[in-house]
Amino acid sequence: MRDFRLYAITGEEFHPGKELVTVMEEAILGGADIIQLRDKNSSKRELLRKARALRELTRKHQVTFIVNDHIDIALAVDADGIHLGQDDLPLQEARKLVGNKIIGISTHVIGEARRAEAEGADYIGVGPVFPTKSKADVVDPVTTAYVREAAAEIRIPFVAIGGIKLHNVDEVLAAGASRICAISEIVGSADIRGTCRKFLEKMNEYQGG
Ligand code: TZP
Ligand code: MG
């Protein structure tokens, strides 16, 4: 897959009164290079409409577009890939459906990361690093200890996620993450572009970019 650094996920509850596409375009203009449609509430028709709009946006800006959970929607709009959790369709089954599209897998412990890598995931999520209000199912924060483990061992790209803010991202970068994902800190920001740029500046500090 095309590599990425700043992963922005949709979270419409964090930007009441602002359009989804406008918000995600701001993130892209700030430097987000991969966008995920994550929406646990909409109907299939509504999801399809949003996915089409975001596919158009991400094509225009040539950034990667991932759909969370819904393989059918990802295929319908020709997204670049899908993102699946530990309770979603298993990776090997998903692979049969999506062919060589990107498959990302959420992981919470190193064993899940190892399995995802062995089964051919294109990238993994590592988190939630910190407490987060953006995820309904209760998973205890994995802390930066898991980021360190992933950095030491996992060879496919991994992205740190969960409660990551401008004020704590240094800890995550110091633990070895080179890709960062956020929902609320990005889409809930009054200055989305500026927030994304600041994330990237911090990443550059650690990575000598
Ligand atoms: N997976 C692990 S944590 C999380 C997801 C989808 C939510 C991250 O949201 P936020 O607002 O960046 O904490
Ligand atoms: Mg899922």
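What percentage of the 209 residues in the protein chain is buried? I looked this up before anything else, bearing in mind that the model is predicted. Buried residues account for 43% of the chain.

**Entry: overall fold.** I counted 9 helices and 8 strands in the protein chain. I then checked the radius of gyration, which is 16 Å; this is close to the 17 Å that the globule rule gives for 209 residues, so the chain is as compact as a globular protein of that length. Along the principal axes, I found that the C-alpha atoms fill a box of roughly 40 × 40 × 30 Å. I also examined contacts between residues at least 6 apart in sequence, and 59% of them join residues at least 24 apart.

**Entry: nonpolar core.** I noted that the largest nonpolar core has 58 residues, and that Ala8, Ala160 and Ile180 have the most contacts inside it.

**Entry: ligand 1.** I listed 14 residues around ligand 1, of which Thr132, Ser134, Gly162, Ile183 and Ser184 come nearest. Sorted by class, this shell holds 5 nonpolar, 7 polar and 2 charged residues.

**Entry: Lys40.** I located Lys40 in the loop between strand E2 (34-37) and helix H2 (44-61). Is Lys40 buried or exposed? I found 9 other C-beta atoms within 10 Å of Lys40, so this residue is exposed, the cut-off for that class being 12 or fewer. Finally, I compared Lys40 with Ala136: they are 96 residues apart in sequence and 9.5 Å apart in space, C-alpha to C-alpha.

Methods:
Residues are numbered from 1 along each chain as its sequence is written. Chains are lettered from A and ligands numbered from 1 in the order in which they are written. This is a predicted model: local features need pLDDT of at least 70, side-chain atom pairs count only at pLDDT 80 or more; totals for chains, interfaces and linings use all residues. A nonpolar core is a set of buried Ala, Val, Leu, Ile, Met, Phe, Trp, Tyr and Cys residues joined through C-beta atoms within 7 Å. A residue is buried if 20 or more other C-beta atoms lie within 10 Å of its own, exposed if 12 or fewer, and partly exposed in between; C-beta atoms are placed from the backbone. A residue is near a molecule or strand if its C-beta atom, placed from the backbone, lies within 6 Å of it. Ala, Val, Leu, Ile, Met, Phe, Trp, Tyr, Cys and Pro count as nonpolar, Asp, Glu, Lys and Arg as charged, and the others, Gly among them, as polar. Helices (H or I, at least four residues) and strands (E, at least two) are DSSP runs, numbered from the N terminus. The radius of gyration is taken over C-alpha atoms; the globule rule is 2.2 Å times the number of residues to the power 0.38. Two residues are in contact if their C-beta atoms, placed from the backbone, lie within 7 Å.
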